[in-house]
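Hi,

Here is the structure I promised to pass on. Have a look at it first, and then read my notes below.

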Amino acid sequence: PTYYFISSTGGYILGPRINFSSKTYNSTSDFSSRTLTGANFNSTSLQSSSLNNSDFSGCEFISSSLQNSNFTSSNLTNANFKLATLTNTNFTSCTLAGLISGGITAYSGVVLPSGYKMIGGYIIGSGVNLFSGNLRTLDMSGMNLTNVNFNSADLSGAVLTNTNLSGASFTNTTASSFFGVVSGGITASPVPTGFPSTVIFGGGY
């Protein structure tokens with residue numbers, strides 16, 4: 001069928017929504033210029049693989065080994081990278097809207113698109129999904145956080161000075177999740193939504 005192919009390593013049928021979990025495709029794996037939407041790569045080893053110019057939207061890479069792999073210019077919309085190993089992984093020019101992360105501890109040398117940073121085990125930047133994230137004390141000052149999903153997140157003690165929070169969502173956050181937040185100089189148009197009734201946003205604070 002369209003978009004499906006036989007892998008050069010292992011002879012697997014690959015394509016959208018296929019379950020590739022717990023497999024090893026190291027070094028010789030070439031997934032470049034492919035459509036693999038919704039595929040499951042959980043706990044898979046894709047070290048040093050070519051993953052560039054492909055559509056990985058909705059894919060799961062939870063606990064995957066992705067060190068030294070190249071995702072340049074790939075679509076990672078709504079992909080999940082929780083607990084993944086990202087040492088020297090290249091995400092240059094990738095689309096990261098809705099991307100889920102957290103618990104990432106191995107990320108030395110990771111290359112992210114302009115405006116994105118690895119902070120506290122999370123990939124943070126415009127449009128990412130930080131739902132229910134433990135963002136306590138994280139310094140996100142000066143970042144573009146437009147359209148970020150902060151729903152149910154804990155932001156206590158986080159630094160948000162001079163950020164752009166246009167269109168961000170804070171639904172189901174609690175007043176205590178804003179204790180100690182450092183703010184000021186925040187820009188937002190449209191203004192963020194979903195704040196608890198006791199939390200007021202205005203004047204850059």
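Asn53 sits in the loop between β2 and β3. Please keep in mind that this is a predicted model. Although Asn53 is not a glycine, its phi is positive, at about 60°. Its relative accessibility is 45%, so Asn53 counts as partly exposed.

Ser33 is also placed in the loop between β2 and β3. Here too a residue other than glycine has a positive phi, near 55°. Ser33 counts as exposed because its relative accessibility is 57%, and the cut-off for exposed is over 50%.

Thr87 belongs to the loop between β2 (13–14) and β3 (117–119) as well. With 23% relative accessibility, Thr87 counts as partly exposed. Setting aside neighbours within four places in sequence, Thr87 touches Gln67, Asn68, Ala106, Tyr107 and Ser108. The C-alpha atoms of Thr87 and Ser65 are 8.8 Å apart, while 22 residues separate the two along the chain.

Further along, Pro190 lies in the segment after β4 (122–124). The peptide bond leading from Ser189 into Pro190 is cis, and its omega is near 5°.

Finally, the pocket. What lines the largest pocket? The lining consists of Leu160, Leu165, Phe170, Phe178, Val181, Ser183, Ile186, Phe195, Val199, Ile200, Phe201 and Tyr205. By type, these lining residues are 11 nonpolar and 1 polar, with no charged ones. The space in this largest pocket comes to about 160 Å³.

Best wishes

Conventions: Residues numbered from 1 in each chain as written. Predicted model: local features only at pLDDT ≥ 70, side-chain atom pairs only at ≥ 80, totals over all residues. Heavy atoms only, no water. 1 Å grid on protein atoms, 1.4 Å probe; cavity = no way out; pocket = protein on both sides within 12 Å on 5 of 7 lines; lining within 4 Å. Points joined across faces, edges and corners; volume = space filled by probe spheres on them. Nonpolar A, V, L, I, M, F, W, Y, C, P; charged D, E, K, R; others polar. Helix = DSSP H or I, 4+ residues; strand = E, 2+ residues; numbered from the N terminus. Buried < 20%, exposed > 50% of the residue type's maximum accessible area, 1.4 Å probe, protein only. Contact = heavy atoms within 4.5 Å.
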